[in-house]
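I opened a new notebook page for this protein. I want to look up its build, its surface and its helix packing.

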Amino acid sequence: MQVDKHDFAHDFPEFRDTIQTLKQNDGHFSRLFDEYHDVTHQIHGIEGNDINVSDDFFEELKTKRVRLKDELYQIMVKARQD
């Protein structure tokens with residue numbers, strides 16, 4: 001199975017500058033961003049290496065990634081409005 005790998009900014013090209021600014025100036029955003037990256041790396045590792053994990057664990061990882069992505073997005077939108 002081929003796994004598409006791209007960074008967070010690829011999903012939100014209109015927020016590239018905002019992402020950079022927030023990573024440098026907002027500790028909370030930066031921690032969430034790093035956590036998102038770590039979870040995504042875990043997911044890609046499981047998918048790309050055909051690692052056997054429980055369905056529940058894998059679904060938890062994917063759910064966590066979606067929640068992190070949503071929270072990061074909300075922060076980016078708010079930062080643009082300020």
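**Notebook: a first look**

I began with the surface. I note here that the model is a predicted one.

Next I asked how much of the protein is buried. Of its 82 residues, 28% count as buried.

Then I turned to the fold. I counted four helices and zero strands. Reading from the N terminus, I get the order α-α-α-α. I also took the box that the C-alpha atoms fill. Along the principal axes, the box is roughly 45 × 20 × 15 Å.

I looked up the contacts along the chain. I kept those with a separation of 6 or more, and residues 24 or more positions apart account for 66% of them.

Charges came next. I found 11 positive and 18 negative charges in the protein. Their mean positions are 4 Å apart.

How do the axes of α2 and α3 cross? Helix α2 covers residues 16-25, and helix α3 covers residues 27-48. Their axes come within 6 Å and cross at roughly 110°. Angles of 65 to 115 degrees count as roughly perpendicular, so α2 is roughly perpendicular to α3. I wrote down who makes the contact. From α2 I have Ile19, Leu22, Lys23 and Asn25. From α3 I have Gly27, Phe29, Ser30 and Phe33.

Methods:
Residues are numbered from 1 along each chain as its sequence is written. This is a predicted model: local features need pLDDT of at least 70, side-chain atom pairs count only at pLDDT 80 or more; totals for chains, interfaces and linings use all residues. Side-chain values use heavy atoms; hydrogens and water are left out. Helices (H or I, at least four residues) and strands (E, at least two) are DSSP runs, numbered from the N terminus. Buried means under 20% relative accessible area, exposed over 50%, partly exposed in between (1.4 Å probe, protein chains only). Contact means heavy atoms within 4.5 Å. Lys and Arg count as positive and Asp and Glu as negative; His and the chain ends are not counted. The place of a charge is taken as NZ of Lys, CZ of Arg, CG of Asp or CD of Glu. Axes are lines fitted to C-alpha atoms, for helices over the stretch in contact, and angles run from 0 to 180 degrees between N-to-C directions. Angles under 35 degrees count as roughly parallel, over 145 as roughly antiparallel, 65 to 115 as roughly perpendicular and the rest as oblique.
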